[in-house]
Amino acid sequence: TYLDPGRGSKNGTSFETSFGQRFGVFICFDLLWELHGVDPEIHNFVFPTDWVNVLPLEDAIEAQRVWSLVEGKNMLAANYGGFGRKSSGSGIWSHGKALEKFFNPTTK
């Protein structure tokens with residue numbers, strides 16, 4: 001399967017908050033691609049997703065943690081979680097450290 005990460009703008013997708021912080025935005029499996037075209041000055045990212053915790057990408061929380069650590073960025077990750085354990089795993093990450101995280105261990 002070929003997935004096109006899209007073209008976006010020259011500086012990627014981002015927004016500025018009313019409290020003066022810029023956030024980059026990416027979704028789902030964008031996490032697995034390099035941050036092409038993202039302004040290197042952006043240090044905070046939001047990541048809405050419906051990550052499915054099955055092989056080979058079994059652990060949403062670990063994927064988020066590693067991305068934050070490797071990229072040296074902050075991430076607010078919000079997973080859909082509608083299928084219990086299979087679609088759970090959200091967190092607030094700073095350089096790979098969990099400031100807060102949640103995983104629903106149910107099988108439903």
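Select strand S5 (residues 90-94) together with S6: the two pair in the antiparallel sense over 5 bridges. Strands are DSSP runs of E, at least two residues long, numbered from the N terminus, and two of them pair if DSSP finds at least two bridges between them. The model is predicted, with local features requiring pLDDT of at least 70 and side-chain atom pairs pLDDT 80 or more, while totals for chains, interfaces and linings use all residues. Residues are numbered from 1 along each chain as its sequence is written, and side-chain values use heavy atoms, leaving out hydrogens and water.

Within this pair, pick Ile92; its bridge partner in S6 is Glu100. Colour S6 (residues 97-102) by accessibility: of its 6 residues the number buried is 0, so the strand lies largely in the open. Buried means under 20% relative accessible area, exposed over 50%, and partly exposed in between (1.4 Å probe, protein chains only).

Now select S3 (44-49). Here 5 of the 6 residues are buried, so S3 is largely enclosed by the rest of the structure. S3 pairs in the parallel sense with S4 (residues 74-79) over 6 bridges; Asn44 has Asn74 in S4 as its bridge partner. S2 also pairs with S3 in the parallel sense, over 3 bridges, and Gly24 stands opposite Phe45 in S3.

Finally, select Trp33, in the loop between S2 (22-25) and S3. Trp33 is partly exposed, with a relative accessible area of 32%.

Technical notes. Helix = DSSP H or I, 4+ residues; strand = E, 2+ residues; numbered from the N terminus.
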